[in-house]
Every structure is written in C-alpha cells, then in structure tokens.
Amino acid sequence: MKLSLKYSFLNTIREFSVTFWCGVFPLILATLFYLSFGAYLNNDEFEPVNTGVVIESSDSEFLEVLESIDGEYINTKEYNLDDAKDALGKGDINGYYIVSEDISLKVPSEGVSASILSGILSSYEKNITLIKDILANNPENLDEALAAMEGSEIGVNDVSLSGKVISVNNQFFYALIAMACLYGNFLGTFAINNIQADLSPLGMRRSVTPTHKMQVILSEFITNVSIHFFNLIVLIIYIKLLGVVLGGNIGLILIVCLAGAVNGVALGMLIGVSCKKSANFKTGISLAVSMSLSFLAGLMFAGMKGVVQVKAPIVNLINPAALISDTFYSMTVFDSMERFTMDIAILLAETVVMLLISFIIVRRERYDSI
Amino acid sequence: MTNIIEINNLVKRYKNIVALDHLNLEIKEGEIFGLLGPNGSGKTTSINCILSLLNYDKGEILVFGKPLNPDSYESKRNIGVVFQNVAVFDKLSVYENIDYFCGLYIKDKKERKILVNEAIDFVELNEYRKMKPKQLSGGLLRRLNIACGIAHKPKLILMDEPTVAVDPQSRNQILEGIKKLNKNGSTIIYTSHYMEEVEQICTRIAIIDHGRCIALGSKEKLKGMINIGEKITVETIALSDEQLKQIKELENIFDVNYDGEILKIASTRAAQNLVNMLNYLQKNDIQFGKVYTELPTLNDVFLELTGKELRD
C-alpha cells in the first residue's frame, strides 16, 4: 500500500495537465474574479452612487427622500434634462431621476449602481402607495406607519437573522471554491483511466496483478485527495489574501476543503468507472459535470442558487458544489453549526456512496472488448 | 509434464465477428509455447481471455488447474505479462516503474530490491535506470515493458508480441532473454506473427487463423505436415517452355516457378533432389549462376495450410 501511494503520488504530481487544472486554474479564476469586482468584495467598502436629478415639479415628496439619503447611498446633483443626458454619457453620473408628477429613472445598463437607484425608486413608490392606502382606509394609523417607514433603511445587503451580512460578490468566490473542489474529479478520472483495462495498457497491466482492487482504488483515492486538499488550501490562502471574507475559523475551512476534495475525487472515479467511453471523452464529461454543478451553485450567476432553491430544492440538497458553497455561506452568516454540519454530512455520505459504486463496478470487471 | 493452461472449446465473438472459434489448447509446464498467426487471427484475444480481461461466449480456461477470475489473486501472483502495447507510467523513471510493478507482487522490501536490480540487469537497462520512458528509444522501452512484467520471477509468463517495432539488435537480446527465463524455470507463452522468432525460441507451436488452431506441434512436426521437403532456387536465363516442362517432370518435383531470371522449384522430401536438378541443367547445356536450397519454413506450413502468406 505504501509503495502504491508513493508511486501514485509521484506519477500524479508530475502530470502537468492535472496540476494545472486542479491547482493553477482556480487561482487564475480567483484573480480574474478579484479584478472584475474587487471593489465590491466587502460591504464596508461601499461608495455612494453619483446621481443626477432633473426637477420638473418641485413639490414632489421624492425630493425629500433623495435629500435624506444624499451622501450616504447617493450623491445627488441637479441638472436640466440635456445636461443630465450629457453627464450620463460622459460617465459623471450613474443615472438620473426625472422628478415630475411621475418619477422616472434613466440608467445606462444593469449593475450594482442601477440596482441601487432602482431600489430607491421602487421603495419610494411602495411607501407612497402604502400611505395613500392608509389615508383612505385607516387614517388613524398614519403616524405609526410613518414612524415605521422612518426607521427603515434602503440597502443592498442580505441580512441574516443573526445580523451578519454577506456580499453577493463573495458568493462568487464560494462557488469558485466549490468548483475547485469538484475539479478533483479530473484527478479521479485520471486515476481510473490508469486502473481500467479497457482504457489504457497500464490499466491492463494493473488488472492482471494480484493486488486487491479495493487497495488499488483506495491508494489512488488517498493520493489524489491529499494532492487536491493541498491545492485547495493554497486556493483558500490566496483568496483570503485577496480580502474575501470566508467566515468560520480555519479548522472549519479545512474541514470543508477536505470534504470537498474527497467528494470531487470520488465523483471523478464514479464518472471514470460508469462511463464506457475513451479517456478523453471521460475528461470532457468530468469538465461538463463540474461546470454544470458549479453553474447551478451560482458560479456564473449569483442568483442561480436561489432560483434552484425555489424551482427544485432537491438539487441544492445533493449538488456538491451547492453544498460546499453553502458551508461558507452558513459559516459567515449563521451562528448555529446545524446547517454547516448537515452540508458536510451530505458531502461525506455522497462520497461513500460514489466510492462503493466505483469499487463494485471495478471489482470483478471483465470487458467485452479491449 | 503437468498442464499449466488448458483451453477447452473457447468461443469469443465481437458482435458478428468470431474471434476465437472453438479453440482448444494445452500448455505444459516448462514450455516456450508459440502462438503463431497473422494480425487479427485471435492471438491477443486468446491471451486476454486467459488473463480474464475479456468475457468469452463459451468454453473453459484453466490456469494452474483452476479457472482464473479477476479476483484470483493467488494464481495471478504466479503470472507475469508482457503486453503488446508498452504499459508503464510515463512520469516514473525506469527504476521506479519496475519497482512499482514488482511491488504489486513482492511485499518484502529487501527481496524486491534484489529482484528489481536483477530485472534491470536482465534487460540491460542499467545505464538508463533514472530515465523516464519518454527519453528511451523504442527498443529500450520494450525492454522496460518486459522488465515490468517479469521482475517478480513468475512461473508463467505471457508475452504478446513483445518485439513489435524493435530493432534487430534489441530483438535478439529479447529473444535470448526469453530463453534464459525459460531455463530459469518459467513457462512461456509467446505470440508473434514473426515466424522466425517463433522458430528460433519455441518448443511447441500452435498456428492460429480465424480464431482456430489449424496446426499444433513442434516445428519439426509442423514442417512434416506439408508436402514441401526442399526448395531449390537457380539463377538462370532463357529457359524454354519445353525445358520447364521437362524440369516439372523430374522425380519428386511438384511445383515450378520461373520469372525469366530465377527458377524456383518445390520438391518433396528426398535425398537426391538437388543432384538431379544439377544433372539436368548440365545435360541440357543450360547456363546457370547461383544455386541454393532451403528447408521449408513455418511460413510454408502456413501457406500450404491456409493458402495465404503468414503476413497477409
């Protein structure tokens, strides 16, 4: 076993493509994420949005609302319509409101600034509708309602019951870590390619040796998990250096990395043994599976996990990428360890099932053709 | 001698193609047993069935008297395999590769070290022990492939065309090595489509075509199965049709070919064939250059049994 581990380890770490995809590529992606929205990584770095105001009717209550949040969420400046268009075109402002009998908003495209300005307007309209409704139906409760509105804040944060906040952009990094964990399936598939007789001459030679198949699989598994665990630790250190808040203590983060690594490698082994195609085809399948699971966990679109939660919650419950991403979310947001523990338990249970299936398929395998 | 391998009525199909057609073989302890046949005749399929890598449709295979299954670890401990394709780790050195594969059979570290060094000496790769497979030439790579298969000194060694794409010098070294392995006590099954190799090293030979064993025995026995006893070649020009007819009518001669420069005669087994031929040439004042005779080869056996050349 020791000898198998030693040579399996040497053979894997000397393989450039595996080292690149599992070790280097996630670091490159983390760097790209950081360059894309590094300024918005953490909420305390929030900058007010430069906003133009075109006043066509000065007796609107909306002007009072804008004044109350000026300098905090937005920086306002008054323009006529033509100047506002120019300023928006030059990028001096991120959008402008036209205040007349109806309030309208002009923003160039979607984005964080556009969301904030749109949120302010929709919040105002909702409150006005509410006040009109109270005046018409329960005028005696107006003072109480106004006091409640006064206390409410306009924000862009998800706020948990424990009061901890998490930036939407951090979730990209959580999904990235989840994706990196799943990239362990390249290692798993690579290992199976070298075990299965119908995929490589090396697999043929190993199949005719008197070594128990479980030992072969376990030695490959332990080697690849160790290598991938190291890769993930490097990624975590790098992401922390970039200033991303990962939540939890280092012990918990290491547990997540280990659970992610074993799950990723076991997934690759399962793909390797269950797909009866060439080694290259299997590598393609591994890539497609890890990217699909990462997409569903919010790697490309932060809101995707929420959509999945509404439409098909079972997917989030079994998708390893979603579970890994969720461990970071729960470490950051929740005080209780219940959700974290559940995520880790599901990841490990999936790993055991995938390893057992892989072993059963490989154990007595004879092929129809080689 | 006891049978190391018994193959009874083995049938293997790849969809509609019959790769092995009721194959029967017995391989005895201490033999170098040759499986000779053209590409696609079923040699490699036979080997893979013996090793329980392939499912087969019908029949029985016994190795060391027992069926060999993927988890027959005790039997596998006594088997070494040299596959047709080089089966080594690209990223491990020569020494590391042999050490790894030997380690799958031999657990004792000291014993393994001795065996690995012996295997390296055996295939003469001492000066390359730290090199990676990609740095080795084709011949050296084949020798590494062999070392990985035999380092644990197995009782039974299956070699599937181990000399494909090997230079003549390496080939001779490999063949001599196989004889040495056999002398040291290993039974060897050797597949090849090179009849010269099989003739050179094998004690018993099975000729396989279309998955069937069409002839079995020692090389002498196989050659005795055919009509050709001697082939006479004469360099001569301007033979007339009448002369060719007369040559054909000489005693023991059953086939004559002439292309205007070379006369090839196939004769049955007899003592005076060459003398008779030379007498005829002198008597008829026919000028000739070189004259030489050849004994029949396994290719002649194959040609006569199947009607086609061995390397078709």
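Analyst: Two strands pair if DSSP finds at least two bridges between them. Helices (H or I, at least four residues) and strands (E, at least two) are DSSP runs, numbered from the N terminus. This is a predicted model, in which local features need pLDDT of at least 70 and side-chain atom pairs count only at pLDDT 80 or more, while totals for chains, interfaces and linings use all residues. Residues are numbered from 1 along each chain as its sequence is written, chains are lettered from A and ligands numbered from 1 in the order in which they are written, and side-chain values use heavy atoms, with hydrogens and water left out.

User: What makes strand E1 and strand E3 of chain A a pair, and in which sense do they run?

Analyst: E1 (residues 49-55) and E3 (residues 95-99) of chain A share five bridges. The rule asks for at least two, so they pair. The sense is parallel. One bridge sets A:Thr51 against A:Gly95 in E3(A).

User: What is the strand order of that sheet in chain A, and which strands are its edges?

Analyst: The order is E2-E1-E3-E4, an open sheet with mixed pairing. Strand E2 (74-79) and strand E4 (103-106) of chain A are the edges, each pairing on one side only. Neighbouring strands are turned by 25° against each other on average, direction ignored.

User: Which strands does helix H3 of chain A lie across, and at what angle to E3(A) does it run?

Analyst: H3 (residues 62-69) lies across E1, E2, E3 and E4 of chain A, with contact meaning heavy atoms within 4.5 Å. Its direction makes about 145° with E3(A). Axes here are lines fitted to C-alpha atoms, for helices over the stretch in contact, and angles run from 0 to 180 degrees between N-to-C directions. Helix H4 (residues 81-90) also lies across E1, E2, E3 and E4 of chain A, at about 165° to E3(A).

User: Why is A:Ser200 called buried?

Analyst: Buried means under 20% relative accessible area, exposed over 50%, partly exposed in between (1.4 Å probe, protein chains only). A:Ser200 has 13%, so it is buried. It sits in the loop between helix H8 (184-193) and helix H9 (201-207) of chain A. Not counting residues up to four places away in sequence, A:Ser200 touches A:Asn193 and A:Asn194.

User: What makes the approach of A:Ser200 to A:Asn193 a polar contact?

Analyst: A polar contact is a pair of N or O atoms within 3.5 Å; within protein, one must be able to donate a hydrogen and the other to accept it, and residues adjacent in sequence count only if both atoms are side-chain atoms. The side chain of A:Ser200 reaches the backbone oxygen of A:Asn193 at 2.7 Å. That distance is within the limit.

User: Why do E12 and E14 of chain B count as edges?

Analyst: The open antiparallel sheet of chain B has the order E12-E13-E11-E14. E12 (253-258) and E14 (291-294) each have a single partner strand, so one side of each lacks a neighbour in the sheet. Neighbouring strands of this sheet are turned by 15° on average, direction ignored. Inside it, E11 (residues 230-235) and E13 (residues 262-267) of chain B pair antiparallel over six bridges. B:Val234 stands opposite B:Leu263 in E13(B). Helix H10 (residues 273-283) of chain B packs on the sheet, touching E11, E13 and E14 of chain B.

User: Why is B:Asp259 called exposed?

Analyst: Its relative accessibility is 57%, so B:Asp259 clears the exposed threshold. B:Asp259 lies in the loop between E12 and E13 of chain B. Its side chain places a polar atom 2.9 Å from the backbone nitrogen of B:Glu261. The backbone nitrogen of B:Ile262 lies 2.7 Å from a polar atom of that side chain.

User: Which domains does chain B have, and how far apart are their centres?

Analyst: The domain assignment, automatic or from a database, gives domain 1 (3-224) and domain 2 (230-295) of chain B. Their centres, taken over C-alpha atoms, are 43 Å apart.
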